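Hi everyone, thanks for making time for this one. Have a look at the model on the screen, and I'll walk you through its sheet and its aromatic rings.

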Amino acid sequence: MSFDNLCKLLSEKHPERFASWVLGTEQTSVKVLKTELSIEPIRADYVTFLQLEGRILHLEFQTKLESTPPLPLRMLDYWVRLYRLPITQVVVLLLPPAPGTVIETVFSVETTRHEYRVIQMWLENPESFLNDPALLPLAPLAATTQPQGLLQRVVEKVNQLEPRQRPEISAYTQILAGLKYNQDLIRQLFREGMMRESVIYQEILAEGEQRGEQRGREAEGQLLILRQLTRRVGELPQEVRSQIETLSLEQLENLGEALLDFHAIADLEVWFRTLE
């Protein structure tokens, strides 16, 4: 499935949410119209027609501006074929064109002039998409100065969805993110996100934190014992240092209590033999 067709699919699955986003006002009565037109159609693969109250909303999703026939002529062609009610035409451009490219919003020739809107996804506020599950797959394409940070927020939002929604929306989101992000990064962040939601993973993480705290206390105990031993019996051989590093926290505490009776390395060696 192409990126444009996926957007068409989403808009037809959630017509009210897409119409509300595009028009900037809440739409509650929206019906999807068939895309086949009465006259032999130009390609309508990426086009959604939505019936609103007293108006038709024509959405066209594009990853690039170049097309045959040119996009402005296509928009006029659709308008002429559709016109029975007022029509709002909006092109949703998913990716920025090459630098210096003019994004046209008007078809003009001789006495004919036709206008339409263009939404440039890379300029859209991501919050509108992050807070709406129906629009969430578009969020990775929104405006940001920290692309990886935005993608991480998208992953978090996906993982907060109800279990029945999550697999489908996650798949759509990863596909559209592929327009902008490296596939390895997408897989890594979504895999880590799914793991974080796992109960088993949470238990492993908690256990790991406990072990980390335990190791931290053991390391502190080892340093303290080494300093005290050095003061009492002098420089310690590497073999003795290695033995101390293998001691548990309880054994370190026992060794600390026995230090007052140590006067030489031999005393420490005797103590180690008691562990055998």
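Let me start with a term: two strands pair if DSSP finds at least two bridges between them. Helices (H or I, at least four residues) and strands (E, at least two) are themselves DSSP runs, numbered from the N terminus. Please keep in mind that this is a predicted model, where local features need pLDDT of at least 70, side-chain atom pairs count only at pLDDT 80 or more, and totals for chains, interfaces and linings use all residues. Residues are numbered from 1 along each chain as its sequence is written, and side-chain values use heavy atoms, with hydrogens and water left out.

Now the sheet. S1 and S2 pair in the antiparallel sense, over three bridges. Lys-31, for instance, has Gln-51 in S2 as its bridge partner. What is the strand order of the open sheet? The five strands run S1-S2-S3-S4-S7, with mixed pairing. At the edges sit strand S1 (31-33) and strand S7 (117-120), each pairing on one side only. From one strand to the next, the twist averages 30°; angles here run from 0 to 180 degrees between N-to-C directions, and axes are lines fitted to C-alpha atoms, for helices over the stretch in contact.

Helix H1 (residues 3-13) touches S1, S2 and strand S3 (55-62), and its direction makes about 150° with that of S3. H2 touches S1, S2, S3, strand S4 (87-93) and S7, and its direction makes about 90° with that of S3.

On to the rings. Rings of Phe, Tyr and Trp (its six-membered ring) pair if their centres lie within 6.5 Å; planes under 30 degrees apart count as stacked, over 60 as edge-to-face and the rest as tilted. How many aromatic pairs does a search of the whole structure find? It finds five. In one, the rings of Phe-18 and Trp-21 have centres 6.1 Å apart and planes at 80°, so that pair is edge-to-face. Phe-18 and Trp-21 are three residues apart in helix H2 (residues 15-23), which means about one helical turn separates them. Phe-18 is buried, at 1% relative accessible area (buried means under 20%, exposed over 50%, partly exposed in between, with a 1.4 Å probe and protein chains only). Trp-21 is buried too, at 13%. Ring pairs also link Phe-18, Trp-21, Phe-61 and Phe-129 into a cluster.

Definitions and conventions. Contact = heavy atoms within 4.5 Å.
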